[in-house]
Amino acid sequence: MSRVYNFSAGPSTLAEPVLRIVQEELMDWQGTGMSVMEMSHRSKEFITIAEQAEQDLRQLLSISSEYRVLFIQGGARAQFSLIPLNLLQQDSQASADYCDSGYWAAKAIDEAKRYCQVNIVASVTDSDGQRTLAPMSEWSLNEHAKYLHITPNETIDGIQIDSISKEGLTVPIVADMSSTILSEPVTIDNYGLIYAGAQKNIGPAGLTVIIVHDDLLKKENPLLPSVFSYRKQADANSMYNTPPTFAWYIAGLTFRWLLERGGLAEQQKININKAAKLYKAIDGDDFYHNNIAATCRSKMNIPFTLADNKLDSQFLAEAVENGLCNLKGHRAVGGVRASIYNALPEQAIDCLVEFMAEFSRKNG
Ligand SMILES: *Cc1c(COP(=O)(O)O)cnc(C)c1O
């Protein structure tokens, strides 16, 4: 058996020690004679798994008891509608602030417009071929908004917002952290609600993690389907309906793996180092180009282009021959994208950087 270096944006690579535990426990979870996949979500075994996962996530992110943690279905994209439905009662005149930081933020905005008045507080600008997003202190916030929605890491554009603070804000921040959660410590108190699809930095697809302050659970739209009510799910410990149990279990193993590695401060150091190595390789060679201003560059998803885009397919094919997979840019933007989540080892970056230098030498 040989595993490749998988740069997929999501579903993406899982930590090898996690996969080994899953493999070991697949037929017989801890003497029960069954797989976690085959267990009732209401069995005491699964409830132990579920509670441990939540406890470990709370420890990793220092989540206080004022917040509820949900493990539900729908993915991040379902939350684009479920957030206004959960937070705005049935008030189409209500307004919400949205930062238009890129592809996913724009999708969230399109969806929110069906439920409320959307005010765009900032957009990505392009000057001299460099894409930039102004820091949060410069955004045009609307004091009547019910919440401010942000996308701290734009998975497709490769843009990250590092200036997040609730200072001076009168409304709660709602954040789509699908591609950045667990990559670095987060001040949970800055947020009213954090959501993330699991398939990037947490575990398998099918699970969505929501971290929500109790105060935000009081204004849901009466038409909201009960399974998607954050309040009802919180009251039912995410078991109002059958949760994605196997994904929840693997998420729990990932949380454990991160704790054993030293938590998120340690993970952040590794991630900073990984990203710096790749940006250095891109910036140090005229053959490669990343168009995001240095202050806004993602540490999780790094898109870049080749000097001649006719070489893209050759680059991608030769990368695969070198065990470097899923580097194709998103269909909306083309080029190359390296997604370098927690579970992708630093050696993967070293191999990619070496391959890039060689490719540029031969074709540049
Ligand atoms: C992947 C992604 C999504 C979409 O997630 P789904 O689980 O497919 O709905 C939304 N937002 C961000 C930031 C993402 O990275």
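Ala, Val, Leu, Ile, Met, Phe, Trp, Tyr, Cys and Pro count as nonpolar here, Asp, Glu, Lys and Arg as charged, and the others, Gly among them, as polar. This is a predicted model, in which local features need pLDDT of at least 70 and side-chain atom pairs count only at pLDDT 80 or more, while totals for chains, interfaces and linings use all residues. Residues are numbered from 1 along each chain as its sequence is written, and side-chain values use heavy atoms, with hydrogens and water left out.

**Second largest cavity**
- The second largest cavity holds about 50 Å³ of space (a cavity is a set of points on a 1 Å grid over the protein atoms alone where a 1.4 Å probe fits but cannot get out; lining residues have an atom within 4 Å of a point).
- Its lining consists of Gln160, Thr180, Ser183, Glu184, Gln268, Asn271, Ile272, Lys299 and Met300.
- By class, that lining has two nonpolar, five polar and two charged residues.
- Helix α7 (residues 263-283) gives the most to this lining, with three residues (helices are DSSP runs of H or I with at least four residues, numbered from the N terminus).

**Largest cavity**
- Two cavities of 30 Å³ or more are counted, a volume being the space filled by probe spheres set on the points, which are joined across faces, edges and corners.
- The largest cavity has a volume of about 80 Å³.
- Its lining includes Thr13, Leu14, Ala15, Lys200, Trp257 and Tyr341.
- Six nonpolar, five polar and one charged residues make up the lining of the largest cavity.

**Largest pocket**
- The volume of the largest pocket is about 300 Å³ (a pocket is an open set with protein on both sides within 12 Å along at least five of seven lines).
- Of its 22 lining residues, Gly10, Ala76, Trp104, Gln199 and Lys200 lie nearest the centre.
- Helix α3 (residues 75-87) gives the most to the pocket lining, with four residues.
- The pocket lining has five nonpolar, 13 polar and four charged residues.

**Helices α8 and α9**
- The axes of α8 (residues 312-321) and α9 (residues 346-363) come within 11 Å and cross at roughly 135° (axes are lines fitted to C-alpha atoms over the stretch in contact, with angles from 0 to 180 degrees between N-to-C directions).
- The two helices are therefore oblique to each other (under 35 degrees counts as roughly parallel, over 145 as roughly antiparallel, 65 to 115 as roughly perpendicular and the rest as oblique).
- Gln314, Phe315, Glu318 and Ala319 in α8 meet Phe355, Met356, Phe359 and Asn363 in α9 (contact means heavy atoms within 4.5 Å).
- This contact of α8 with α9 has five nonpolar, two polar and one charged residues.
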